[in-house]
Amino acid sequence: MPKTRSGGGLTTTQQAAKFLGVSVLAGAVLAGIALPAAGALGLAARGSVQGFDEIPDNLKSPQLSQRTTILDNAGNQIASVYSRDRTVVDLKDISPYMQKAIVAIEDSRFYQHGAIDLKGVLRALNQNAQSGGVAQGASTLTQQLVKNYFIEEAGDDPTKVAQATQQTIGRKIRELKYAIQIEEKLGKKKILENYLNITFFGEQAYGVEAASQRYFSKHAKDLNVQEAALLAGIVQSPSRYDPVNDEAEATKRRNTVLQRMAEVGDISQAEADTAKKKPLGLHVTQPKNGCITAVKGANFFCKYVENVFLSDPVFGKTREDRAKVWNQGGLTIRTTLDPQSQESVQTSLKDHVNKSDSVAAAATLVEPGTGKILAMGQSKPYGYGKNETEYNYSVNRDMGGSNFGFPTGSTFKPFVAAAAVEGGRPATQEYSSPYKMPYPSPVQTCSSSPWLNDKNYTVENESESEVGPFRMKEAMAKSVNTYFVQLISDIGLCPVVKMTDALHVVQGNGDKLPQSPSIALGAVGLSPLTMASAYAAFASRGMYCTPIAIESITQKIGNQQKSLAVPKSTCSRAMSEKTADTVNTLLRGVVDSGTGQQAGLTDRESAGKTGTTDERKNAWFVGYTPNLAGAVWVGSAKQNIQMTNITIGGVYHDLVYGGQVPGPIWKDAMSGALVGKPVESFNLIDIPDDNPKDKGKGNGGNNNGGNNGDNGGANGGNTFPTPTFSFPNGFFQGNGNGGRRGN
């Protein structure tokens, strides 16, 4: 007794045998339904057909690639990213007109036949024989679905795509077996739903929901009869029937579908005739794919999120595994980006630096105590044209940034002060701090080999009037180079290295900092994100938190949603609360009466440090309030522009200082980001203001009249210069990358 399926009917093998028998009697093998009849028999080489029963019968529906949506922390869309623009929807969310239209034109006997349509096969063979070509095909919707499965699995691999679409008997027979299997497992409604979600509708739209949005800017459930007919007609040849590029051809095809719907009884002839007279009614939405389309200048942050996903093992063991998940899509990624902060950063950058300027600016804001990146932007937009760039100046090289980061100048000095205070040095520590001096030698490193000044390197201050002795508070406010070289040489390099390690400070290329006294002056390249995150530790009273950009991710698989694990910020104590409070007090003085006065906030306490590097190729301001930290860099990405006699943002500068251009950018960005946020205070400590040079004098005032620094003379005798400096070739010892500043 032949075995039958549950509920009656032939077994899978019996169906295939019956089909093949009919095909042979018709004068062709299965391949003939998609090939000219004259060539069908020639393709039936014995060795090319895999035994039907040997074909695996475990075909599984592929997980369809869909668009990924990236959101800010308020749930607003930043961008959508996809390898294939697709949004999977249930059959109930697809217009009944659309369901009827695709069946009418692609497989009108869909509900009458099984996996194959024998009448259709014979009709197609006859037509093809008469025409000598492929006048008509006979693949059912189920067979087309199987073919689309193979194409979907092939992804963007051209070899696999060719294999999935090759016109061979072997492929047709595999397609047949799997079609029979799918008919048994899914049923007609699910097959139709899957087909409408997987098939390509042209204009980068995969699936009917994406197609409906692309051509009509509406959901698939809202399509009317003529719109549904247009989309159904595209499927056969998306390029030929593209309504965007050939309205006349698309209209003819739409009308063909409408007529077919009338012939099979889906609509009346009168309805078809009325619909044929209507215009196409396109309301095209241009595809918006990738971070280049991100809103509010969040392109670089968007790309950073993608790089985090592709590099963090939490999303997969290997980069290949992570890339597969990313390309599969269907992700909803809620990020840490704060729309208010992002808009403030972009507005400030636009107000102070033009995208056509010879230099660029980048800014990043981080939340102390959480590590959340709240904003990230730069003056040159994301792109590949003139005055655009794909490089993210705010991050390290492995995350899409510059090759080496950017020398930070005096913004590094707070790390040296923190190491000294943490090691027991008082905030009143005093050094002779002459205008110019040789680098002290030897200086202890973390190894048994000390650093030696065997080439008589020297360091000097910005102005000849800057002559000590100085204590730490005044030296920080005035950014006295010789003071901090004496300080780092006194305590040794190892405490500073340990402090920067605790603050996760690495060079832009990922290398550790070189052990040389000149690191006190910011000679090595770092990124704004590294600096903002490190300074955030001062704001949070010594707790360093690794920066994070992703709050949560859900993935849509079919009709199910699942949550994915995401990287968490790791917080650790980098220094004692007392040390952090001391540094906060020191840096509060910088914005109150030192080189950073132009950056000081007026409505709340703030602290920070200016920085300007040799030949004025880089200028920085890094600062914070108790609840927000930010870093701003201005300079040339290629490190080939000296910021002297230069116009930036329409304003001429004879000399650019850290407090003069980056400072105001930081101030405006922070002010806007903090609107409506709590006003918090630092835990300041008492550091005596006595100037050792003024002991015995009638007053304790500073002898700074005439200096013209970051404040551009705006404050008369209370202005301070920001030091710049240069390093001789070969200054760094034992580090091949020492002193590099190019990108």
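**Reading the features**

A: H504 is partly exposed, because its relative accessible area is 39%, where buried means under 20%, exposed over 50% and partly exposed in between (1.4 Å probe, protein chains only). H504 has a positive phi of about 55° although it is not a glycine, and it lies in the loop between α19 (493-502) and β11 (525-526), helices (H or I, at least four residues) and strands (E, at least two) being DSSP runs numbered from the N terminus. The model is predicted, so that local features need pLDDT of at least 70 and side-chain atom pairs count only at pLDDT 80 or more, while totals for chains, interfaces and linings use all residues. Residues are numbered from 1 along each chain as its sequence is written, and side-chain values use heavy atoms, with hydrogens and water left out.

Q: Is S433 buried or exposed?

A: S433 counts as buried because its relative accessibility is 0%. S433, which is not a glycine, has a positive phi of about 45°, and it is found in the loop between β7 (430-431) and β8.

Q: How should the span of helix α7 be read?

A: The expected span of a helix is 1.5 Å times one less than its number of residues. The 18 residues of α7 (residues 169-186) should therefore span 26 Å, and the end C-alpha atoms are 25 Å apart, which agrees. Of these 18 residues, 14 are buried, and α7 is followed by G187, whose phi is positive, near 85°.

Q: Which residues touch the most other members of the largest nonpolar core?

A: A nonpolar core is a set of buried Ala, Val, Leu, Ile, Met, Phe, Trp, Tyr and Cys residues joined through side-chain atoms within 4.5 Å. In the largest one, with 97 residues, L503 and Y624 touch the most other members. Helix α20 (residues 528-539) gives the most to this core, with nine residues. A second, separate core of 55 residues includes F110, A220, L223 and A228.
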